Amino acid sequence: KIYLDNMTLLDSGGVGHLTDRTRNSDWYRELENASGSDPVLLRTTRENQLTGGNGRDTFALVRRMNNFSFLGPSKWEKVLKIELRPQTLDQVFSNLNLSGHLYLLDGAGRVEYSTDSAIGWRKQTIYYQDLELPEDAIEFTTGFGDVAYLEDWKLIGVIPDEEVLREVRDSRDFIVWLALLNLLVSSSIIY
């Protein structure tokens, strides 16, 4: 949706007015901290749930549309807000064949998304370092350094070490059997 402070345009479909209510929303206040027209990814409430709802249950990519700021200040303020469907995120993360849990962390270490429904990340702010993880778990961490608005974000996978070690043992057994078969076949050809 594109938000404008130009009241001559109709508020309908993909166009909305920048009202006081919009300016007081969490996503607009977060956009105030961004420099220039840099996009900001944040967790917020869905557009149709500004009052009440299920907490901050969706992600939005928000950006000021001032690409021609070198020409001087614009007469109108323009903001682009793209909401990501929470069902799509749930589907992507639930399709992983993983016996552990995934945690998407923002730059401050807050859990912004998780496959662990027991921690209540949708309703309250939870920091990853405050989570009680199993002692026998192995953590895998990846960053998003090549995406500007995800620069400080991380995706952490926490998997029980037994699961990882079982996979290593299975692949080790396969390699040993393959090597033995290779030695037998090559020895029989030589003799």
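Predicted model: local features only at pLDDT ≥ 70, side-chain atom pairs only at ≥ 80, totals over all residues.
Figure 1. Among the side chains, 20 are positive and 29 are negative. The centres of these two sets lie 9 Å apart.

**Figure 2. Overall dimensions and order of elements.** The C-alpha trace spans about 90 × 40 × 30 Å along its principal axes. The radius of gyration of the chain is 24 Å, whereas a compact globule of 191 residues would have a value near 16 Å. Four helices and nine strands are present, and along the sequence they follow the pattern β-β-α-α-β-β-β-α-β-β-β-β-α. Of the contacts between residues at least 6 apart in sequence, 43% join residues at least 24 apart.

**Figure 3. The largest nonpolar core.** In soluble globular proteins, nonpolar side chains tend to be buried together. The largest nonpolar core of this chain holds 19 residues, and the members that touch the most other members are Tyr 103, Val 111, Ile 119, Tyr 128 and Leu 131. At least two residues of this core come from each of β6 (101-105), β7 (111-114) and β9 (154-160). The strand β6 gives the most, with four residues.

**Figure 4. The surroundings of Tyr 103.** Neighbours within four places in sequence are left aside in this view of Tyr 103. The contacts of Tyr 103 include Val 111, Tyr 113, Ser 114 and Asp 116. Tyr 103 also contacts Ile 119, Tyr 128, Leu 131 and Leu 133. Further contacts of Tyr 103 are Lys 154, Leu 155, Ile 156 and Val 158.

Figure 5. A separate core contains ten residues. Among them are Tyr 3, Leu 18, Trp 27 and Leu 42.

**Figure 6. The loop position of Glu 77.** Glu 77 is placed in the loop between β4 (58-64) and β5 (78-84). Apart from residues up to four places away in sequence, Glu 77 touches Tyr 3, Leu 4, Asp 5, Leu 18, Arg 23, Tyr 28 and Arg 64. Two of these residues, Tyr 3 and Leu 18, are also included in the second core. Although 60 residues separate Glu 77 from His 17 along the chain, their C-alpha atoms are 10.0 Å apart.

**Figure 7. Ser 25 between two helices.** Ser 25 is located in the loop that runs between α1 (20-23) and α2 (26-32). Ser 25 counts as buried because its relative accessible area is 10%, and buried means under 20%. From Ser 25 to Trp 177, the separation is 152 residues in sequence and 62 Å in space, C-alpha to C-alpha.

Figure 8. The loop between α3 (86-94) and β6 contains Leu 98. Leu 98 has a relative accessible area of 31% and is therefore partly exposed. The C-alpha atoms of Leu 98 and Phe 174 are separated by 22 Å, and the two residues are 76 residues apart along the chain.

**Figure 9. Leu 178 in helix α4.** Helix α4 comprises residues 161-190 and includes Leu 178. Leu 178 is classed as partly exposed because its relative accessibility is 46%. Between Leu 178 and Ile 2 there are 59 Å from C-alpha to C-alpha, and these residues lie 176 residues apart in sequence.

Methods:
Residues numbered from 1 in each chain as written. Heavy atoms only, no water. Rg over C-alpha atoms; globule rule 2.2 N^0.38 Å. Contact = heavy atoms within 4.5 Å. Lys, Arg positive; Asp, Glu negative; His and termini not counted. Charge placed at Lys NZ, Arg CZ, Asp CG, Glu CD. Core = buried A, V, L, I, M, F, W, Y, C linked by side-chain atoms within 4.5 Å. Buried < 20%, exposed > 50% of the residue type's maximum accessible area, 1.4 Å probe, protein only.
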